[in-house]
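Have a look at the model first.

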Amino acid sequence: MAQEIVAIREALKKSGYRIRKQPKQPSWTVYVTDDKFYLLTYKPYPISDWVLQPQDNDACCHTLLNLIQRALSNQPETFTREIS
């Protein structure tokens, strides 16, 4: 999971997003603008998946999902996961 976190953070920062780690949680706030943000959370076993909330039909959400999925797909095969 650590490699996934690094890859996701690098991809988001490279694309101009601000990211803030949530204390004591496997969660990050991803800021699109100062007043629009999403929460990216790793859900451990039995889900073992990344979740972006809120899931809406906004283009920003779709862009973030695609960016995160590309970052994950560039990881070694044993670390590749889907994002919900």
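Predicted model: local features only at pLDDT ≥ 70, side-chain atom pairs only at ≥ 80, totals over all residues.

Residues are numbered from 1 along each chain as its sequence is written, and side-chain values use heavy atoms, with hydrogens and water left out. The protein chain has two helices and four strands, in the order α-β-β-β-β-α from the N terminus on. Helices (H or I, at least four residues) and strands (E, at least two) are DSSP runs, numbered from the N terminus.

**The chain as a whole**

- Of the 84 residues, 37% count as buried; that label means under 20% relative accessible area, while exposed means over 50% and partly exposed is in between (1.4 Å probe, protein chains only).
- The chain exposes about 5400 Å², and carbon and sulfur atoms supply 53% of that; the areas come from the Shrake-Rupley method with a 1.4 Å probe, and for residues only the protein chains shown count as cover.
- Residues 24 or more positions apart account for 36% of the contacts with a separation of 6 or more, a contact being heavy atoms within 4.5 Å.

**The core**

- The largest nonpolar core has 21 residues, and Ile-8, Leu-12, Leu-40, Trp-50, Leu-52 and Leu-64 have the most contacts inside it.
- Helix 1 (2-14), strand 2, strand 3, strand 4 and helix 2 each supply at least two residues of this core, and helix 2 gives the largest share, seven residues.
- Such a core is a set of buried Ala, Val, Leu, Ile, Met, Phe, Trp, Tyr and Cys residues joined through side-chain atoms within 4.5 Å.

**Strands 3 and 4**

- Strand 3 (residues 37-43) and strand 4 run antiparallel and are joined by five bridges; two strands pair if DSSP finds at least two bridges between them.
- Leu-40 has Leu-52 in strand 4 as its bridge partner, and both of these leucines are among the core residues with the most contacts.
- The two strands form a hairpin with five residues between them, and Ser-48 in the turn has a positive phi of about 50 degrees.
- Strand 4 is mostly covered, with four of its five residues buried.

**Helix 2**

- Helix 2 has 15 residues and reaches 21 Å from its first C-alpha to its last, close to the 21 Å expected at 1.5 Å a residue; the expected span is 1.5 Å times one less than the number of residues.
- Its buried residues include Cys-61, Leu-64, Ile-68 and Leu-72, and the buried residues of helix 2 pack against helix 1, strand 2, strand 3 and strand 4.
- At the start of helix 2, a side-chain oxygen of Asp-58 reaches to within 2.8 Å of the backbone nitrogen of Cys-60.

- Most residues other than glycine have a negative phi, and most peptide bonds are trans.
- Lys-24 has a positive phi of about 55 degrees although it is not a glycine; Lys-24 lies in the loop between strand 1 (18-21) and strand 2 (27-31) and is exposed, with a relative accessible area of 88%.
- A cis peptide bond joins Gln-53 and Pro-54, with omega about -5 degrees, and Pro-54 is found in the loop between strand 4 (49-53) and helix 2 (59-73).
- Phe-37, in strand 3, is partly exposed at 47% relative accessible area.
- Not counting residues up to four places away in sequence, Phe-37 touches Thr-29, Val-30, Tyr-31, Val-32 and Pro-54.
- Phe-37 and Pro-54 are 17 residues apart in sequence and 8.9 Å apart in space, C-alpha to C-alpha.

Technical notes
Polar contact = N/O pair within 3.5 Å; in protein donor to acceptor, adjacent residues only side chain to side chain.
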